[in-house]
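Here are a few friendly notes to read alongside the structure. Take them one at a time, and keep the 3D view open as you go.

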Amino acid sequence: MTAIETEDKEMRLYGIGASPGICIGKAYLVGKEGVDVIKKYHIAESRLQNEVNRFKIAVEKAKKELQGIIENIPQELREHAYILETHMVLFKDKLLYEKTIETIENEHINAEWALKKVVSNLKAMFHNIQDSYLKERVDDIVHVSERIMLNLVGAETVNIADIDKRVILVAHDLSPADTSQIQLEKIMGFITDRGGRASHTGIIARSLEIPAVMGLDNVTAIIKNDDIIIVDGTSGIVIVHPTEDTLKDYFRRKINYEAYQESINRDGHLLAETVDGFSVQVMANIELSEEIASVIDHGGDGIGLYRTEFQYLSSAFFPSEDELFEKYKAVVEAIAPKPVVIRTLDINGDKAIADTSEFDETNPALGLRAIRYCLKNPDVFKTQLRAILRATAFGNVRILFPMISTCEEVREARRILDEAADSLEKEGVVFKRNIEVGIMIEVPSAVIMADVLAQYVDFFSIGTNDLIQYSLAIDRDNKDVAHLYHPLNPAILRMVKHVADVAREKGIKVYMCGEMAGDPIHIPILLGLEMVELSMNPQAIPAVKSMIRALKVEDARRLMKDILKQTDVKDVLKLLQDNYGTIISEKMYTE
Amino acid sequence: MDNTLREISRDLKIINDLGLHARAAAMIAKLAQNAKAKVWIIKDGEKVDASSVIDILTLACVKDSKVQLRIDDRLDLDVLNDIVELVESGFGE
């Protein structure tokens, strides 16, 4: 069959480079139901009949399940149930049923493996059919076999959390819940069909410095378990079945990349001060307390954004005040006397905690999340605020409220913060009451109301990721529109400038903690706007610092005037390249 | 030979729009499973077992394909006729 001939040919797949770096290793597929690991094992002659019976029982169970489903379909929809009736016939189709039994008996292998083998042979048969409708009928066979497989595997399905091999993960999509379960630090890299650079998973990959390529469309259909693959997260390329020459080439690139990273990291501890003496605090965004080491190694001037969702995503229950406090204290203490900005819960808590979800939101980005969720669940909110306040005794803490879209939300959040502080005082707990409180500016309404919002807070932190998503109406995980998502969009630049101007006028501080701050090419703009604090993924800090040291704030201010006259992203980019191209090309770390 | 004498075949044209798709194949397979001996569907020299949905699907019979239906045993004449009727009715679609 032709499929076998082409199987080992080198193949290049192009996606979105979500996290830079190169890794070379074995592929490990993650299925929809968790990890799709079907084990293969030998069945002794004496146990063959048992194994065949196990298969027959699984088929019977699967049939019964499907029959139940069909019977529960309302009469008026029965017409549409025909495909399920077809599935009922397929269960006992000799090419599936008898063939699997035959395979168990002839090859002395377990039922799961035999079924898998039979189905993949059938897939190959259908692959050659020209008619697209008939070709897709292979899906029916796959459905039926999956139903049998679930009954075969039963409770033995492998948990995603158990992956601890040095492999490259291949998945259709990795949700934040998935990524919170996988011990990503044990994985070499990952690639997915869906997602983009700014997706949650991409952000986590970058913060853990593991290469990732996303938005590959159908990579899960192309790559098989144990295939040797190369992931180039810098240029967004995945190479399947690489040749000797390609392997050599990529081993060389991998070494070069890592050497380059090391060289820029060496200067990471130096101050970020421009040639003309303007100094910027270059801080780190973190999600896990384990990342503190990386912040310190890369020369971070503090933590500009501590995302607190992880503890909520990784357990089946809401974390207790003490659990939260211990984590916050660890981070605050390790970074002190430098500041740590702790952002309160920025997710839909119902979704995060297993089994509490009451209904599905069709549009979660516009739903009950972040501050909205917290204000609706003041007990959950107060628990977190008390934990944060208790951590203030151990260093320099600021509190940041996410997703603020109205003034009322800020007033309400501050009221609950006061209540939390009062309750701690009553209990005689030691903490600092007068800490800085700020809000994320990431919703267009907050940009427009910035002058009013400023009177309630000590600082603004501009979250560019969501601000771009909400302002330009772009889902950054949708690869068809992901290319339109650009921080240099003139609308975004004007918004950022407006917020910076208002903050200066009102005498409060303005910071930036979005992805925008982490790219050296954006630094002239942020300097031009006189942002005094930038926060980014730890590994981006050295490159940003070295960029700042090469610039003059005077030049940046002047350039900003021209930049604001531009109407298109490409013109903004051109201006930046014309003025700073040489500096950027010397410092950049592409390839 | 005895067998050839007993063999009966009929030529058919697939008239329904979707060809021998999953439901149609399932309907044929159900009838063929009642046969005492084998029932075959032959297209372009390729012969498949009519009692297997998957086998029928792999023939990839689109609309207007010509197929031959064959039974190994005269006793299955009823089955043959039922299938012929089904195909000629366009599977009641």
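1. What length should helix H18 (residues 407-426) of chain A span, and how far apart are its end C-alpha atoms? Bear in mind that this is a predicted model. At 1.5 Å a residue, the 20 residues of the helix should span 28 Å, and the end C-alpha atoms lie 29 Å apart, which agrees.

2. Now look at which residues of this helix are hidden. The buried residues of H18(A) are Glu409(A), Val410(A), Ala413(A), Leu417(A), Ala420(A) and Ala421(A). Viewed down the axis of H18(A), they fall within an arc of 110 degrees, so they line one face of the helix.

3. On the face of H18(A) away from its buried side you will find the exposed residues Glu408(A), Arg411(A), Arg415(A), Asp418(A), Asp422(A) and Lys426(A).

4. What do the buried residues of H18(A) pack against? Their partners in chain A are helix H16 (370-376), helix H17 (378-391), strand E13 (396-401), strand E14 (436-441) and helix H20 (450-453). After H18(A) comes Gly428(A), with a positive phi near 75 degrees.

5. Finally, step back to the two chains. Their contact takes 21 residues from chain A and 18 residues from chain B. On the side of chain A that touches chain B, H3(A) gives the most, with 6 residues. By class, that side of chain A has 13 nonpolar, 2 polar and 6 charged residues.

Terms used:
Residues are numbered from 1 along each chain as its sequence is written. Chains are lettered from A and ligands numbered from 1 in the order in which they are written. This is a predicted model: local features need pLDDT of at least 70, side-chain atom pairs count only at pLDDT 80 or more; totals for chains, interfaces and linings use all residues. Two residues are in contact if their C-beta atoms, placed from the backbone, lie within 7 Å. Helices (H or I, at least four residues) and strands (E, at least two) are DSSP runs, numbered from the N terminus. Ala, Val, Leu, Ile, Met, Phe, Trp, Tyr, Cys and Pro count as nonpolar, Asp, Glu, Lys and Arg as charged, and the others, Gly among them, as polar. The expected span of a helix is 1.5 Å times one less than its number of residues. A residue is buried if 20 or more other C-beta atoms lie within 10 Å of its own, exposed if 12 or fewer, and partly exposed in between; C-beta atoms are placed from the backbone. The arc is that of the directions from the helix axis to the C-beta atoms.
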